[in-house]
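Student: I would like to go through the labels used for this model and the cut-offs behind them.
Tutor: Then let us take them one at a time.

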Amino acid sequence: MTSQDDMSAMIARVADRHDVPLAVLLAVMASLVRSGVRPNLARLEHLLGRKAREVVALRRRLDQASQDAAVGEARRKAARALESGQFLEVERALAQLELHFFGGMTDLSTMPSDRRIAAGETRSDRAATALLDLTPAACKEAAQRYAEAAAIIGTANLDRSREFALRQGDSLARIGEDFADPAGFEAAIAHFRTLLSRLDNFDDTIAWATAQERLARALAGLAQLTGDDKRLDEALACCRTTLEDLRHDQAPLLWRALKMRFGRIAIPLGDLREDDALLEEAVSCLATALARWSRDGDEVRWLEAEQLISRGRAALGRRTSDLALLERAFNGFNRVAKTVDRTREPLRWAELQDQMGGVLAAMGERYSEPVVLEEAVAAFGAALEERRRERSPQLWAASAASQGLASMQLAARRKDPGMAQQAFMQIAAAVEAMREAGHSADVATLQKKLVLAGSLAEGMRKR
């Protein structure tokens, strides 16, 4: 069970990391309790972190200055309510502001463009406010409000109208992502495909490419829930097709996002399928993105790309026994790890320790000296300091099994049957924990490690 102290520490950590008042996160937590969902601590930290970023974005919009005294006062009222976690009061203040922009008019075609845009933007802020609740109903309400915002703005600002239509799909996808409901992703996929049917990849290249990237994301999300690899192939096809038509100079950030989306999907899929060609394609795709990417411009995303390409190199290096690739992967993970503050992002730090452990274990198989395997065991141990079983059984099981296998390999080198037995039991415990957590696909992966450990143990007994 997760202790109250762990929960309180996690909430305080998220609040400090994003400079968001505790009252806001406690209000989000209250909505989660009403929804009946009970995520593990690691998952909860992820959800709260995203809500905190959304609060910061909404705060920034409410802080915009206005020469209209009534608008300024309404925004300040909404901002005060937001900082105290009173989401209903935020909604009321924004609803009053929206009425101010409409000014009693009901015929959108007769409204001045600037007032239509302001009213639509306010409706979108009401959608963002709805999303601060962690419930499926809030996602549906947000999707409806984004649809209304798109309709209100219409041709007064086509780009903004399209952006809100995209956010409508994003809100539907949240039902799948946050509440493990495939229907949310399916609704989002249908919505994005409808949008794409109205766009031309030559005349509306950027809008079309943006919708394709969102479609790829939703397809990948659905695949993760259902285990349907065909959806992943569809998502990869979306990225490939779009990158054929979209040039870097047309939309650098979107071009980069598509490269990243392709890498996020292709690397784990290539590793799972043992597909060297797909892994090589993913590494090459990310390398072209990094070649045109200044770290100073967006260090957070740059580091994410560095970690992702390192993951691809590690997978390919393990598959091909390429020590040069493994060394590049380790150096990449290490560069990212040096930038991560363990106290502020313990799970991100642990993920990097686990990834470095995996590379070291692969390298250790190819070196006669045991020191590299010893470093791998230590790296997995560091990851397990934060990936505790009560916080996230899935993450704990993954690192525990990897440490167990590295320990088994080390035991074989040292001819230590006691260590081998302990390592075997550790992997078996990890398999059971993963099964109890309901992650059947991951159970199959860990069972392969258990079989390999059993083979090593059998080899030791025959010597």
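Student: Why is Cys139 called buried?
Tutor: Cys139 has 2% relative accessibility, and buried means under 20% relative accessible area (over 50% is exposed, in between is partly exposed, with a 1.4 Å probe and protein chains only), so Cys139 counts as buried. The model is predicted: local features need pLDDT of at least 70, side-chain atom pairs count only at pLDDT 80 or more, and totals for chains, interfaces and linings use all residues. Residues are numbered from 1 along each chain as its sequence is written, and side-chain values use heavy atoms, with hydrogens and water left out.

Student: What makes Cys239 a cysteine in no disulfide?
Tutor: The nearest cysteine sulfur to that of Cys239 belongs to Cys238 and is 6.7 Å away. The structure holds zero disulfides. Cys239 is also buried, at a relative accessible area of 0%.

Student: Which residues does Arg174 touch, setting aside those up to four places away in sequence?
Tutor: Arg174 touches Arg50, Lys51, Glu54, Leu131, Cys139 and Phe179, where contact means heavy atoms within 4.5 Å. Arg174 lies in helix H8 (residues 158-179); helices are DSSP runs of H or I with at least four residues, numbered from the N terminus. With 12% relative accessibility, Arg174 counts as buried.

Student: Which residues make the contact between H13 and H14?
Tutor: Among them are Leu279, Val283 and Leu286 of H13 and Trp302, Ile309 and Leu316 of H14. The contact residues divide into eleven nonpolar, two polar and five charged. Ala, Val, Leu, Ile, Met, Phe, Trp, Tyr, Cys and Pro count as nonpolar, Asp, Glu, Lys and Arg as charged, and the others, Gly among them, as polar.

Student: Is Gln403 buried or exposed?
Tutor: Gln403 counts as buried, at 13% relative accessibility. Gln403 is found in helix H18 (residues 393-414). Beyond its neighbours within four places in sequence, Gln403 is in contact with Val377, Phe380, Gly381, Leu384 and Gln426. Gln403 and Phe380 are 23 residues apart in sequence and 5.4 Å apart from C-alpha to C-alpha.

Key: Helix = DSSP H or I, 4+ residues; strand = E, 2+ residues; numbered from the N terminus. Disulfide = S-S within 2.5 Å.
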